[in-house]
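This report walks through one protein model, from its strands to its charged and nonpolar surface. Please keep the sequence and the structure in view while reading.

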Amino acid sequence: SHYNRPELVGEALESVREQTLQPAQILLIDDNSTPENRLRLEQYSSFAKILSTPHNLGPTGTRNFGANAASGEWLCFLDDDDLYLPDKLERQVRYLEAHPEVEALGGALTMVTADGRSEHWGAKTTGPLTLKDALYYTAFGPPSLMIRRDVYHAVGGFDPGLCHMEDYEFGIRVLAAGHKAHFISEPLLIYRRGGREQLSAQWRGMLSGELKVLRKHRKLLRREFGPLGPIRM
């Protein structure tokens, strides 16, 4: 997905084109960018189908828009400021071949800050996820996710009412619905994040989003962690 950042989206698309296992379809979803930025995307039309949203939907709505337009059996996502590692798709497909029961597969990532620092984000072990896992932490971030298209639609996609923590909430619904989800502990992508100013600006929104998610799923929290589950979280 993309919004007014043509200087970044080219790198993201190249990381898809350079995959050791090529996707069946590449959709570039432009979230109602300015006309001049939209025009600059045409250079990628030889290998990506470019679609524009009718109005600005934000990251959550844009992912749902793309999922509705996709025709493949499996869905993957990539924001315009992130990069797939070259064998991201191949490693996930090989894992799914070895675990045919899996319907959603996430993975770790390498987070790189604006000043060049990097951190490993994600679980340290590879294997199945439980509902408790999804309630404790984000089960899978959108850029690492590979999910069956029918499962994505069955759980309703990402919640368009959430501007923050929508990936955390989505993972809860996937696991609560009984779908088989696993996690690969080795990094699958590079997640680029801004400096301290950006992080501090997002903190209030992320806290508000997490509280909304906990309220929405308080019954699950009580079921999994007891009567005081929502308070403990």
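## Terms and basis of the model

A residue is called buried when its relative accessible area is under 20%, exposed when it is over 50%, and partly exposed in between, with a 1.4 Å probe and protein chains only as cover. By that rule Glu-169, at 0% relative accessibility, counts as buried.

The model is predicted, so that local features need pLDDT of at least 70 and side-chain atom pairs count only at pLDDT 80 or more, while totals for chains, interfaces and linings use all residues. Residues are numbered from 1 along each chain as its sequence is written, and side-chain values use heavy atoms, with hydrogens and water left out.

## Strand E9 and its partners

Helices (H or I, at least four residues) and strands (E, at least two) are DSSP runs numbered from the N terminus, and two strands are said to pair if DSSP finds at least two bridges between them. Strand E9, residues 181–192, pairs in the antiparallel sense with strand E4, residues 82–84, over three bridges; within this pairing, Leu-83 has Ile-190 of E9 as its bridge partner. Strand E7, residues 127–128, pairs with E9 in the antiparallel sense over two bridges, where the bridge partner of Gly-127 is Phe-183 in E9.

Strand E5 also has strand E6, residues 118–121, as an antiparallel partner, joined to it by four bridges, and Thr-110 stands opposite His-120 in E6. E5 and E6 form a hairpin with five residues between them, and Gly-116 in the turn has a positive phi of about 95°.

## Salt bridges

A salt bridge is taken here as a side-chain nitrogen of Lys or Arg within 4 Å of a carboxyl oxygen of Asp or Glu, and by this rule the count comes to 16. One of them joins the side chains of Arg-63 and Glu-166, at 3.0 Å from N to O. This pair links distant parts of the chain, with Arg-63 in helix H3 (residues 58–69) and Glu-166 in helix H7 (residues 166–176), 103 residues apart. Both Arg-63 and Glu-166 are buried.

Within helix H7, Glu-169 and Arg-173 lie four residues apart, about one turn of the helix, and their side chains meet in a salt bridge of 2.8 Å, N to O. Why does Arg-173 count as buried? Arg-173 counts as buried because its relative accessibility is 15%. Glu-169 and Arg-173 also belong to a network of salt bridges that links them with Asp-159 and Lys-216.

Arg-148 and Asp-150 form another salt bridge, at 3.1 Å from N to O. Arg-148 counts as partly exposed because its relative accessibility is 25%, and Asp-150 is likewise partly exposed, with a relative accessible area of 45%.

## Surface patches

Patches are made of residues with over 30% relative accessible area and no salt bridge, where like charges are joined within 9 Å and nonpolar side chains (Val, Leu, Ile, Met, Phe, Trp, Tyr) within 5 Å. Accessible areas come from the Shrake-Rupley method with a 1.4 Å probe, and for residues only the protein chains shown count as cover. Lys and Arg count as positive and Asp and Glu as negative, with His and the chain ends not counted; the place of a charge is NZ of Lys, CZ of Arg, CG of Asp or CD of Glu.

Lys-212, Arg-215, Arg-218, Lys-219 and Arg-222 gather in a patch of positive charge on the surface. The elements giving two or more residues to the positive patch are helix H8 (196–216) and helix H9 (218–225), and H9 gives the most, with three residues. Arg-222 lies in helix H9 and is partly exposed, with a relative accessible area of 41%.

A nonpolar patch on the surface is formed by Trp-203, Leu-207 and Leu-211, with about 320 Å² of accessible area together. Trp-203 is found in helix H8 and counts as exposed because its relative accessible area is 56%.
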